[in-house]
Amino acid sequence: MIHDTHAFDDIVQQARAFGPLPMAVAHPCSREALLGAVEAADNQIATPILVAPLAKLKKLADELEVDLRRFECIDVEHSHAAAERAVQLTREGYADILMKGSLHTDEFMSAALARNTGIRTDRRISHVWVMKVESYPRYLFITDAAVNIEPDLMTKRDICQNAIDLTHALGIALPKVAILAAVETINPDMQATLDAAALCKMADRGQITGAILDGPLAFDNAISKEAADSKGIVSPVAGDPDILLVPNLEAGNMLGKQLTYLAQAASAGIVMGARVPMVLTSRADDASGRLASSAIASLLAHNRRQGGRS
């Protein structure tokens, strides 16, 4: 699906201004995966290191008229070895960004999260969708719609903090977090409302930092001040959120795809909580989304170099 090719221009320009960082690309053996790496290089966002079976990679590059002499290429036997080697490059500090190529997400994440050889930290990893919706005045950050299927309270705490850290790296000093549920009141039979209330209190006690939280909020009164006012909701977040924290992966996945296909939203995505930012490109991502994801990862990596946490 083709979206506004200029939707993420400000993010791309910021990343370009900082300069390219080395990015390990695991098994870029499809058109989308290889061109995603090439686009990042062409836009001076990253310096790709292509890790793949070399014969397979050369065949694809010839078909796409990509000159592999521009890039460092590391020959491995298969996709699993590509994932392990790309992760090793980031673990050893040779690359600052990790990008998934044309291998299954489970295979990629298994290598990234391996206990002794991966790049996990003490925080749970999570995915953040950065979405540009024409009817909304700024970016919306939706999390988690790709990694944690049915997160418990402490996992939601990490998901929330990861998204906050991302917004900080993108220059949003005090983001507003709307914690979504089906209703805006506490209902003991709806776990999402209890978790939302607990997360807000955790923020009050310093267990979540750097943002203003409110919830539970239904989607209408989270995104619309008029809807919130009609229900008498007094909130510093309602109608003005930066981050939408969803109850579970199913809700987040449906919300993100509804915005993409019904509201023509442009989207980029990043995985947070590991030692380095991870780019998970999809076959459905257009060129703008792939480039924006790499640019976000680059900004996160620069932030990490300067002492922030990615």
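In which helix is the place of D158? D158 is found in helix α6, where helices are DSSP runs of H or I with at least four residues, strands are DSSP runs of E with at least two, and both are numbered from the N terminus. The model is a predicted one, in which local features need pLDDT of at least 70 and side-chain atom pairs count only at pLDDT 80 or more, while totals for chains, interfaces and linings use all residues. Residues are numbered from 1 along each chain as its sequence is written, and side-chain values use heavy atoms, with hydrogens and water left out.

D158 has a relative accessibility of 9% and counts as buried; buried means under 20% relative accessible area, exposed over 50%, and partly exposed in between, with a 1.4 Å probe and protein chains only. Apart from neighbours within four places in sequence, D158 is in contact with D122, R123 and R124, contact being defined as heavy atoms within 4.5 Å.

The chain contains 11 helices and 11 strands. Its radius of gyration is 19 Å, close to the 19 Å given by the globule rule for 310 residues, so the chain is as compact as a globular protein of that length. The radius is taken over C-alpha atoms, and the rule is 2.2 Å times the number of residues to the power 0.38. The C-alpha trace spans about 65 × 40 × 35 Å along its principal axes. Of the 310 residues, 57% count as buried. Among contacts with a separation of 6 or more, 72% come from residues 24 or more positions apart.

The domain assignment, of the automatic or database kind, gives domain 1 (1-120 + 274-309) and domain 2 (124-272). The centres of domain 1 and domain 2, taken over C-alpha atoms, are separated by 27 Å. Across the two domains, 24 residues of domain 1 are in contact with 19 residues of domain 2.

The accessible surface of the chain is about 13,500 Å², and 50% of this belongs to carbon and sulfur atoms. Accessible areas come from the Shrake-Rupley method with a 1.4 Å probe, and for residues only the protein chains shown count as cover. The mean positions of the 30 positive and 38 negative charges are 5 Å apart. Lys and Arg count as positive and Asp and Glu as negative, with His and the chain ends not counted; each charge is placed at NZ of Lys, CZ of Arg, CG of Asp or CD of Glu.

Two cis peptide bonds are described here. One joins T143 and D144, with omega about -5°, and D144 lies in the loop between β6 (140-143) and α6 (153-169). Another joins G215 and P216, with omega about 5°; P216 is in strand β8 (residues 212-217).

Positive phi values also occur in residues other than glycine. H27, in the loop between β1 (21-26) and α2 (31-42), has phi near 60° and is buried at 5% relative accessibility. Q264 has a positive phi of about 55° and is found in the loop between α10 (249-262) and β10. The relative accessible area of Q264 is 48%, which makes this residue partly exposed.

P277 lies in the loop between β10 (266-272) and β11 (278-280) and counts as buried, at 0% relative accessibility. P277 and G239 are 38 residues apart along the chain, and their C-alpha atoms are separated by 30 Å.
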